[in-house]
Amino acid sequence: MKILVVESNAPEVLPEGKRHPAADQYGALLSRLAGDVRFSAVTPYEDGFDAAVLSDLLPEQDGVVFTGSANSWSTDDERSRPLWTVMEQAFDHKRPCFGSCNGMQLAAVVLGGRVGASPKGLEIGLTLPLRLTGEGQRHRMMDGRKEGMVVPCIHRDEVQELPPSARLLAGNDHSPVQAFAIGPSCGGETGSPDFWGVQYHPELGPGDIADYINREQGLFSGREKALADWLEELEQDSALLAAIKADPDDLILERRTSELANWLDYIRSLRS
């Protein structure tokens, strides 16, 4: 199974010497979840990136993933145009797509929805408990998930208006849109844009969020730095979740990554 992973970070926010670290990390996890996954990465913000190569690359792919992003601008900003182009071409080539955080916000904009900064500020560390909608309880992306789950997250922006025909699958008290899907998996027409997205980060563990906070210390207060310490402990001992009345099993790899595993299974079903 060939998966193209799109690095959604601009070069100025990447660690020195790294071309596509988020894409590499994402692809490595997908390969861990399914031994038949072979991934490649593209970096649309990189100088010299030629979107024309996608015409040859996309037909060979079984799916396309859009990572999260630490860029300072929103997906409706003209500076996000390199990502729009890749997603538009992925949809034109009828490739099923998955997006985390910035990737979901990107799809909302490309498909006719609206994004903006959350009036509640950052949601960082773990999500507030998530609620599944009726659609979410039935949609295959959320198989294995349950009411009240928590997942690693870090985001400022949120989807504030869903695209036409999109199905809301989950939300919480911070951001009403925490997961949505659109296209054939929701009963849409075959050949229409096929997208699954989440506002949170099933591809990251608590320690990954802690690493980001510690690396970007100038962006965060003492409160977030204390949160990073707790997340590092949580990475080693998920039983600490019981203190906030959350299920420690939410952070076991198999459950934390269930949306991604379900998406890979969905792709297999399309190929059979």
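The legends below describe close-up views of a predicted model.

View 1. Helix H3 covers residues 81-92. Buried positions in H3 are Leu83, Trp84, Val86, Met87, Gln89, Ala90 and Phe91. After H3 comes Lys94, which has a positive phi, near 60 degrees.

**View 2. Packing of helices H6 and H7.** Helix H6 (residues 206-215) packs against helix H7 (residues 222-236) at an angle of about 150 degrees, and the two axes are 8 Å apart. Because angles over 145 degrees count as roughly antiparallel, H6 and H7 are described in that way. Their crossing is left-handed. On the H6 side the contact involves Pro206, Gly207, Ile209, Ala210, Ile213 and Asn214. On the H7 side it involves Glu224, Lys225, Leu227, Ala228, Leu231, Glu232, Leu234 and Glu235. By class, the contact has eight nonpolar, two polar and four charged residues.

**View 3. Leu122 in the loop between strands E5 and E6.** Leu122 lies between strand E5 (114-117) and strand E6 (123-126). The relative accessibility of Leu122 is 40%, so this residue counts as partly exposed. Apart from neighbours within four places in sequence, Leu122 contacts His155, Arg156, His174 and Phe220. Glu158 is 36 residues from Leu122 along the chain, and their C-alpha atoms are separated by 9.9 Å.

Key
Residues numbered from 1 in each chain as written. Predicted model: local features only at pLDDT ≥ 70, side-chain atom pairs only at ≥ 80, totals over all residues. Heavy atoms only, no water. Helix = DSSP H or I, 4+ residues; strand = E, 2+ residues; numbered from the N terminus. Expected span 1.5 Å × (residues − 1). Buried < 20%, exposed > 50% of the residue type's maximum accessible area, 1.4 Å probe, protein only. Axes fitted to C-alpha atoms, helices over the stretch in contact; angles between N-to-C directions. Parallel < 35°, antiparallel > 145°, perpendicular 65-115°, else oblique. Left-handed = near helix turned anticlockwise from the far one by under 90°. Contact = heavy atoms within 4.5 Å. Nonpolar A, V, L, I, M, F, W, Y, C, P; charged D, E, K, R; others polar.
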